[in-house]
Each structure stands twice: as C-alpha cells, then as structure tokens.
Amino acid sequence: QAVAATGRWSSSDPNLQNIPIRTELGREIRRAFVADEGNVLISADYSQIELRVLAHLSEDETLIEAFRTGEDIHERTGLKLFGTDSGLDLYELRSRSKMVNYAVLYGKTSFTLAKDINVSQEAAQSFIDAYFAGFPRVRAFIERTLEEARRTGVVRTMFGRRRLVPNLTSRNFQMRAQSERETVNMPVQGTAADILKRAMIDLHAELPGRGLKTRMILTVHDELLFESPRDEAEDAARIVKERMEGATELVVPLTVDVGFAENWRDAKS
C-alpha cells in the first residue's frame with residue numbers, strides 16, 4: 001500500500017498490476033489466470049472513475065451533464081475539440097479525445113501529448129487549449145489546486161489523505177514541472193484509489209456477512225477481482241456491484257461493470 005504515492009495498490013514478483021489487456025496478446029495472457037475447479041472469477045471494474053471524480057471536484061457542468069445522462073464522455077470531448085466536420089472516423093475521434101482527457105488529468109505537456117496522438121506540438125497545444133475552453137471549471141480546479149499546494153506544500157484527496165509536494169516551488173524546472181503533474185493528478189487518482197479501498201473494506205465484511213464463500217483476491221487499478229463458487233456467483237456479483245457503486249456519493253453516478261467466467265480474460269470482457 002505504501003509504494004504508490006497516489007494510494008493505489010501495487011505488487012511485485014510478479015507485478016500483477018501490469019498484466020496487459022489492451023492488446024490481443026495481453027488478453028490471451030489474462031486467459032491463463034483461471035479459477036479453481038467449481039469456481040469462477042468475478043471482475044468488477046469502475047467505469048471512468050477518475051473522470052467522474054474530476055467532474056465532482058471541478059464541478060464542471062458539461063462533464064457532470066455528460067455523466068448524468070450516460071453520454072460517452074470521450075465522444076463529447078471529441079465534438080468539443082474537433083467539431084462535427086473533423087474528417088475523423090468515430091473510432092479515431094474517440095481515441096484522440098480519450099488521450100486528451102487523460103493528458104489533462106495527468107498534467108501532460110503538449111510535447112508528450114503530441115507524441116501520444118502523433119500530431120505536431122502546436123496541434124497538441126491547440127487541443128489542450130480547446131479542452132480548457134470547453135471545460136473551463138476543470139482549468140479553474142487545476143489552478144486552484146496548484147495555488148493551494150504551493151502555499152501549503154500539501155495536496156489532498158477528497159477524503160483528506162495528504163501528499164507532500166515540496167518540489168512545487170523548486171528552482172529546478174524539471175523537478176518543479178514533475179511536481180506540478182503529481183499535484184494535479186493526486187486529488188483525482190488518489191480519490192479514486194480511496195474510493196476503491198472503501199469498497200474493499202465494505203466487501204471484506206459484507207460477503208462473509210451474507211454467508212458467501214466468495215473472496216477478494218486482487219485489485220488492479222480500478223478493478224477488483226474475486227473468486228466465487230459457481231452457484232453463488234450471480235448473487236456475489238450483484239452485491240459487489242451494489243457496494244462498489246455505493247462506496248461514496250459524488251455529484252455524478254459511480255458505475256461498475258461486472259462479469260464472471262472461469263478465466264480472467266472472459267470475466268473482464
């Protein structure tokens with residue numbers, strides 16, 4: 001628990017947080033993780049939790065409306081950034097918009113974003129500028145977070161967990177820029193980590209309290225993985241979803257995608 005500064009869990013030998021899923025080969029690797037005979041694996045994954053936390057903390061009306069109406073946030077961002085006549089197909093539009101969404105979240109520079117989406121640095125900066133123009137309260141939240149952290153030397157999650165940021169006023173540009181990225185990211189990713197842990201604590205008590213044998217075996221970023229006897233998997237999955245979605249109250253709904261199967265790949269999909 002003490003390794004990742006944001007509060008996410010991490011593991012080593014092996015690093016289970018880095019079992020890949022984005023590629024077909026990665027998904028095949030996940031198929032090697034199987035439940036014991038007679039059991040299934042339940043995968044429960046928060047949907048876009050960091051962007052939902054950002055909507056809550058920034059109080060940006062456009063973000064809040066998108067999540068409350070169930071709109072695809074990346075498509076909404078794409079329309080704001082590129083307009084309706086961008087010439088990009090829907091997949092490429094959504095892919096680029098997703099990268100911009102998370103670039104802002106992680107405090108990335110236009111230089112890094114340009115490499116991520118294969119455009120010029122000037123184009124990347126224009127996308128970042130367009131993002132902040134479309135979501136003005138996100139910019140205000142970031143500026144407010146940085147200003148308070150420079151004054152206090154501390155940045156906090158929604159629940160008050162602290163991270164010290166002494167390099168925020170460093171004379172070394174690289175150290176200062178790195179600290180700024182960490183400061184912007186901490187309230188969002190740190191709050192998401194806190195929410196997951198609250199859900200874990202609830203489920204640790206709830207599952208055996210219901211007389212179930214389902215047990216929590218792993219957390220990977222925004223996902224919890226359980227092993228469950230096949231005959232109680234549906235009930236367990238329903239309880240897991242309820243508890244995770246009720247772990248805290250935000251101005252937008254928390255949404256959890258749940259699936260179960262004999263192996264991790266099929267449970268996740």
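Which element gives the most to the lining of the largest pocket? The answer is H5, with 7 residues. The model is predicted.

**Largest pocket**

- The volume of the largest pocket is about 1400 Å³.
- Its lining is made up of 37 residues, and those closest to the centre are Ile21, Arg22, Asp45, Lys98 and Tyr102.
- Two or more lining residues come from each of strand S1 (39–46), helix H2 (49–58), helix H5 (90–105), strand S6 (256–261) and helix H11 (264–268).
- Sorted by class, the lining of this pocket holds 13 nonpolar, 11 polar and 13 charged residues.

**Second largest pocket**

- The second largest pocket has a volume of about 560 Å³.
- Among the 20 residues that line the second largest pocket, Gly107, Lys108, Ile142, Leu146 and Glu180 are the closest to its centre.
- The elements giving two or more residues to this lining are H5, H7, helix H8 (136–152) and helix H9 (173–209).
- H9 supplies the largest share of the lining of the second largest pocket, at 6 residues.
- By class, the lining of the second largest pocket consists of 9 nonpolar, 4 polar and 7 charged residues.

- How many of the residues of H2 are buried? The count is 10 of the 10, so H2 is largely enclosed by the rest of the structure.
- The buried residues of H2 are Ile49, Glu50, Leu51, Arg52, Val53, Leu54, Ala55, His56, Leu57 and Ser58.
- After H2 comes Glu59, which has a positive phi, near 60 degrees.

**Packing of H6 and H7**

- Two packed helices are described by the angle between their axes and the distance between the axes.
- Helix H6 (residues 110–117) packs with helix H7 (residues 121–134) at an angle of about 105 degrees, and their axes are 8 Å apart.
- That angle makes H6 roughly perpendicular to H7.
- On the H6 side, the residues in contact are Ser110, Phe111, Leu113, Ala114 and Ile117.
- On the H7 side, they are Gln121, Ala124, Gln125, Phe127 and Ile128.
- The residues of this contact comprise 7 nonpolar, 3 polar and no charged.

How values were computed:
Residues numbered from 1 in each chain as written. Predicted model: local features only at pLDDT ≥ 70, side-chain atom pairs only at ≥ 80, totals over all residues. Heavy atoms only, no water. Axes fitted to C-alpha atoms, helices over the stretch in contact; angles between N-to-C directions. Helix = DSSP H or I, 4+ residues; strand = E, 2+ residues; numbered from the N terminus. Parallel < 35°, antiparallel > 145°, perpendicular 65-115°, else oblique. Contact = heavy atoms within 4.5 Å. Nonpolar A, V, L, I, M, F, W, Y, C, P; charged D, E, K, R; others polar. 1 Å grid on protein atoms, 1.4 Å probe; cavity = no way out; pocket = protein on both sides within 12 Å on 5 of 7 lines; lining within 4 Å. Points joined across faces, edges and corners; volume = space filled by probe spheres on them. Buried < 20%, exposed > 50% of the residue type's maximum accessible area, 1.4 Å probe, protein only.
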